[in-house]
Amino acid sequence: MVQDGPLDIARLRRGDKPAWDAFVARFAGIIHAAVAGVLQRTGRDLNEASDLAQDVFVRLCKDDYRLLGQYDPARASPATWLTVVARSVALDAVRRRRAPSVTLDDAPEAAIAVAAIEPTRLRIPAGLLSPRQELILTMLYDRDMDPTEIGATLGIDPQTVRSMHHKALTRLRGHFAPPGGDV
Amino acid sequence: MTDIERDGLDLWRRYRAAARPASGIPGGFGSAPEPASALLAAYLEHRLDEAEAAPVEAWLAHNPDAIILLSELSSNASAPPAPLGLIRQARGLVAAPPRPAWRQAMAWASVAASLLIVGTTGFLAGHDAVDRSEAIATIVGGDLIDGPGGGDGDGAVF
């Protein structure tokens with residue numbers, strides 16, 4: 001995690017100019033990097049990063065520092081929280097700038113047709129996999145991460161990752177096994 | 001890829017295809033709402049217990065962008081410095097508070113006092129210099145007329 005010290009929210013919310021300047025100097029790099037990361041992953045122009053980072057700062061001090069006031073030092077460091085906020089602002093901006101919507105009359109019929117629900121889609125029982133098992137399988141199979149990376153990312157032992165992976169596959173095998181067949 | 005990995009990938013794909021919710025069907029794969037920033041930040045720092053983490057993990061499982069964010073944060077990478085233009089603009093969002101009226105009055109008074117001192121000093125210095133130059137001129141003028149020795153004419157230069 002990014003190491004950083006406490007944040008004097010009270011001074012910032014009072015509109016203390018030196019405190020705000022210090023805050024900007026300290027976190028502009030983190031916010032800019034988070035925003036640039038989203039732009040890069042969504043194939044956007046990286047030149048927009050500074051404007052979007054500025055949007056993050058605007059949101060932080062808007063409405064009498066309402067968003068900044070939501071920061072809870074007991075839950076996370078300011079750097080982590082600001083990274084999450086910056087990512088969220090950048091994603092919102094990217095979504096807003098997507099291609100304009102097409103009116104229903106102009107849309108091709110195939111685009112608005114409701115897909116038939118296949119019977120198998122309704123056969124997955126709730127809780128077949130736990131959220132953590134789903135996350136581990138996503139990281140393993142969709143993101144090509146290895147158990148060591150996953151363990152470091154989730155803050156758990158790699159052996160626990162392997163164990164959860166194994167249990168998840170056992171459950172999936174049991175679910176998809178033909179009726180009466182071997183698991 | 002080993003047989004076990006291939007088998008795992010196949011099972012995972014089948015699960016994902018089967019569990020993906022059709023439009024309008026609540027619950028299931030991909031339908032978890034985005035957690036609040038504070039909750040997500042707490043999760044990223046491993047400060048949540050398993051029950052608190054469950055909704056975050058359900059959302060993360062279907063948001064590759066957030067997983068990358070998670071990996072980046074756990075890799076302990078430090079952010080590169082921000083462009084100076086961004087820092088300048090962001091600092092401009094909060095204005096310096098206006099100075100109190102009495103402080104402004106004091107500032108103007110000190111400017112006026114400085115000007116007065118400079119003016120008076122200049123005037124006095126100039127006046128003194130004129131007096132001195134007049135005295136010198138008188139002495140030198142006397143010498144030129146009478147000569148250095150007085151009025152007997154021995155020292156006359158012309």
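**Exercise 1. Find how many residue pairs are in polar contact across the interface of chain A and chain B, and say what the chain A side is made of.**

Step 1. Start with the rule: a polar contact is a pair of N or O atoms within 3.5 Å, where, within protein, one must be able to donate a hydrogen and the other to accept it, and residues adjacent in sequence count only if both atoms are side-chain atoms. Applied across the A–B interface, with both residues at pLDDT 80 or more, the rule gives 20 residue pairs.

Step 2. Now see which elements of chain A supply the side that touches chain B. Those giving two or more residues are H2 (17-41), H3 (49-69), H4 (78-96), H6 (131-142), H7 (147-154) and H8 (158-176). Helices here are DSSP runs (H or I, at least four residues), and strands are E runs of at least two, numbered from the N terminus. H2(A) gives the most, with twelve residues.

Step 3. Sort that side by residue type: 37 nonpolar, 13 polar and twelve charged. Nonpolar covers Ala, Val, Leu, Ile, Met, Phe, Trp, Tyr, Cys and Pro; charged covers Asp, Glu, Lys and Arg; the others, Gly among them, are polar.

A word on the ground rules: this is a predicted model, where local features need pLDDT of at least 70, side-chain atom pairs count only at pLDDT 80 or more, and totals for chains, interfaces and linings use all residues. Residues are numbered from 1 along each chain as its sequence is written, chains are lettered from A in the order in which they are written, and side-chain values use heavy atoms, leaving out hydrogens and water.

**Exercise 2. Work out how much area chain A and chain B bury between them, and count the salt bridges.**

Step 1. Contact means heavy atoms within 4.5 Å. On that basis, 62 residues of chain A meet 66 of chain B.

Step 2. The two chains bury about 5700 Å², 64% of it on carbon and sulfur atoms. That is the accessible area (1.4 Å probe) that two parts lose on being put together, summed over both.

Step 3. Salt bridges (a side-chain nitrogen of Lys or Arg within 4 Å of a carboxyl oxygen of Asp or Glu) come to five. One to look up joins B:Asp7 and A:Arg173, with the closest N and O atoms 2.8 Å apart.

**Exercise 3. Decide which residues of H5(B) are buried and what covers them.**

Step 1. Buried means under 20% relative accessible area, exposed over 50%, partly exposed in between (1.4 Å probe, protein chains only). In H5(B), residues 84-91, the buried ones are B:Leu86, B:Ile87 and B:Ala90.

Step 2. Look down the helix axis: the buried residues of H5(B) fall within an arc of 100°, so they line one face. The arc is taken from the directions from the helix axis to the C-beta atoms. On the other side, B:Leu84 and B:Arg88 are exposed.

Step 3. The cover over the buried residues of H5(B) includes H2 and H3 of chain A.
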